[in-house]
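Thanks for coming, everyone. I'll take you through one model this morning. Have a look at it first.

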Amino acid sequence: MNTQQMEQMGQFRITVWEEENFQGKRCEFMLECQNIMERGFRKIRSIKVENGPWVGYEYPEFQGQQFILEKGDYPCYEAWSGNSSYRTEHLLSFRPIKCANHSDSKVTLYDCEDFQGRKFEMCDDYPSLQAMGWCNKEVPSIKINSGAWVAYQFPGYRGYQYILERDRQQGEYRNYNEFSTQAHTNQVQSIRRIQH
């Protein structure tokens, strides 16, 4: 099933609330929302993801820190921030992650910018890159060969989250500044495939 068929069948569905614990104004979406304030909301404080993976952003226009939103309930910011060292109490924009394919995902990590130096290809989740043999705490460049991944600053899927997709930037992240609009470091110590 391709992305267009999934959109037509409602395969991407998210419901957002203005207040914590699914209270206040609510709205359901099947497509991206660049600015929730244009829909009469002040902010998003709770979320239910019914279908498809999504990425939420702390600012309008898909800017700021990113948070992975997979199927499930997010009654407050702690639920989407998880073990992140960065917490934001609300989200202002979000979009579906259309290229996620858990069974067919492949990524290549490089130990220098611009896809130079030693490289390591993987197609599985790694809660600790160092435990699997990556010698650095940093990953200066990443190429997404297929699927979508979420990279984390620290082992155990903790710290800043970077959503890396094959269908964004042709899957090429030449330096850490391209990981996200709020990327502060090239420190990546765990990575996993995004569930669909």
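One definition before we start: strands here are DSSP runs of E, at least two residues long, and helices are runs of H or I, at least four. Keep in mind that this is a predicted model.

The UniProt record, an unreviewed entry, places the feature "domain: Beta/gamma crystallin 'Greek key'" at residues 12-51, 52-98, 105-146 and 147-195. Take residues 105-146. That span is 0% helix and 48% strand. Its end C-alpha atoms are 5 Å apart. Now residues 147-195. Here we have 0% helix and 43% strand. The end C-alpha atoms of this span lie 10 Å apart.

Where does glutamine 189 lie? In the loop between β13, residues 172-173, and β14, residues 190-193. Is glutamine 189 buried or exposed? Its relative accessible area is 6%, under the 20% cut-off, so glutamine 189 counts as buried. Its side chain reaches the backbone oxygen of glutamine 153 at 3.4 Å. Now the contacts, leaving aside neighbours within four places in sequence. Glutamine 189 touches Pro127, Ser128, Leu129, Gln130 and Lys137, along with Tyr152, Gln153, Phe154 and Pro155.

What is the lining of the largest pocket by class? It has 5 nonpolar, 5 polar and 4 charged residues.

That's my tour.

Definitions and conventions. Residues numbered from 1 in each chain as written. Predicted model: local features only at pLDDT ≥ 70, side-chain atom pairs only at ≥ 80, totals over all residues. Heavy atoms only, no water. Nonpolar A, V, L, I, M, F, W, Y, C, P; charged D, E, K, R; others polar. Buried < 20%, exposed > 50% of the residue type's maximum accessible area, 1.4 Å probe, protein only. Polar contact = N/O pair within 3.5 Å; in protein donor to acceptor, adjacent residues only side chain to side chain. Contact = heavy atoms within 4.5 Å. UniProt positions renumbered as here; feature names shortened; annotations may be inferred.
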